[in-house]
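Me: I would like to know what stands behind each term used for this model. Please set the values against the cut-offs.

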Amino acid sequence: MNKAQKLPRRQFLKFGMQAGGGVLALSAIPIQLVAQEKVDPSEPLAQAMGYVEDASQVDTTKFPKRAGDAGANQFCHNCALYAGEADAETAPCSIFQNRPVVGAGWCNAWVAKS
Ligand code: SF4
């Protein structure tokens with residue numbers, strides 16, 4: 001980088017302050033405006049993972065993980081990836097990029113909470 005290409009210190013500091021102001025302005029956006037849409041079971045990833053909003057509707061021939069007594073106790077609300085209280089109607093799930101899933105739901109990535 002030659003001398004002419006260097007950003008003068010004053011301009012650099014001014015740019016940095018403007019960028020910082022932009023970040024502060026973005027952080028003031030109400031959380032509701034950036035809230036993510038609930039996962040729709042008809043979406044391709046949801047279909048591939050066998051996600052349903054009512055765990056009793058799981059096709060256990062296709063997803064035998066939820067078959068039997070042990071499987072019958074698997075719900076999103078008791079999955080390790082459910083980022084919410086057990087009694088929350090919906091909560092973010094990392095499998096779906098932290099979009100909300102239904103607590104009474106289930107998918108094939110279910111993992112017991114430790
Ligand atoms: S990973 Fe867990 S919380 Fe997420 S959709 Fe599947 S069962 Fe529900």
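**Terms and values**

Me: Which residues does A112 touch, if those up to four places away in sequence are not counted?

Reply: A112 touches N78 and A80, where contact means heavy atoms within 4.5 Å. The model is predicted, so local features need pLDDT of at least 70 and side-chain atom pairs count only at pLDDT 80 or more, while totals for chains, interfaces and linings use all residues. Residues are numbered from 1 along each chain as its sequence is written, and side-chain values use heavy atoms, with hydrogens and water left out.

Me: Why is A112 called partly exposed?

Reply: Its relative accessible area is 43%. Buried means under 20%, exposed over 50%, and partly exposed in between, with a 1.4 Å probe and protein chains only. A112 is therefore partly exposed. This residue lies in the segment after strand 2, and its C-alpha atom is 8.7 Å from that of L81, 31 residues away along the chain.

Me: What makes V58 buried?

Reply: V58 has 10% relative accessibility, so it counts as buried. Its place is in the loop between helix 2 (44–49) and helix 3 (68–72). Leaving aside neighbours within four places in sequence, V58 is in contact with V52, F63, R66 and W106. In the protein, 24% of the 114 residues count as buried.

Me: How do you know what counts as a helix or a strand, and how many does the protein have?

Reply: Helices (H or I, at least four residues) and strands (E, at least two) are DSSP runs, numbered from the N terminus. The protein has 3 helices and 2 strands, in the order α-α-α-β-β along the sequence.

Me: Why do strand 1 and strand 2 count as paired?

Reply: Two strands pair if DSSP finds at least two bridges between them. Strand 1 (residues 90–93) and strand 2 (residues 99–102) have 4 bridges, in the antiparallel sense, so they pass that test. C93 stands opposite R99, and A91 has V101 as its bridge partner.

Me: Where does the ligand sit?

Reply: The ligand sits in the largest cavity. A cavity is a set of points, on a 1 Å grid over the protein atoms alone, where a 1.4 Å probe fits but cannot get out. A molecule sits in one if more than half of its atoms lie within 2 Å of its grid points.

Me: What makes a residue part of the shell around the ligand, and which classes are found there?

Reply: A residue is near a molecule if one of its heavy atoms lies within 4 Å of it. Residues around the ligand include Y51, C76, L81, F96 and W110. The shell has 11 nonpolar, no polar and no charged residues. Ala, Val, Leu, Ile, Met, Phe, Trp, Tyr, Cys and Pro count as nonpolar, Asp, Glu, Lys and Arg as charged, and the others, Gly among them, as polar.

Terms used:
On a 1 Å grid over the protein atoms alone, a cavity is a set of points where a 1.4 Å probe fits but cannot get out, and a pocket is an open set with protein on both sides within 12 Å along at least five of seven lines; lining residues have an atom within 4 Å of a point.
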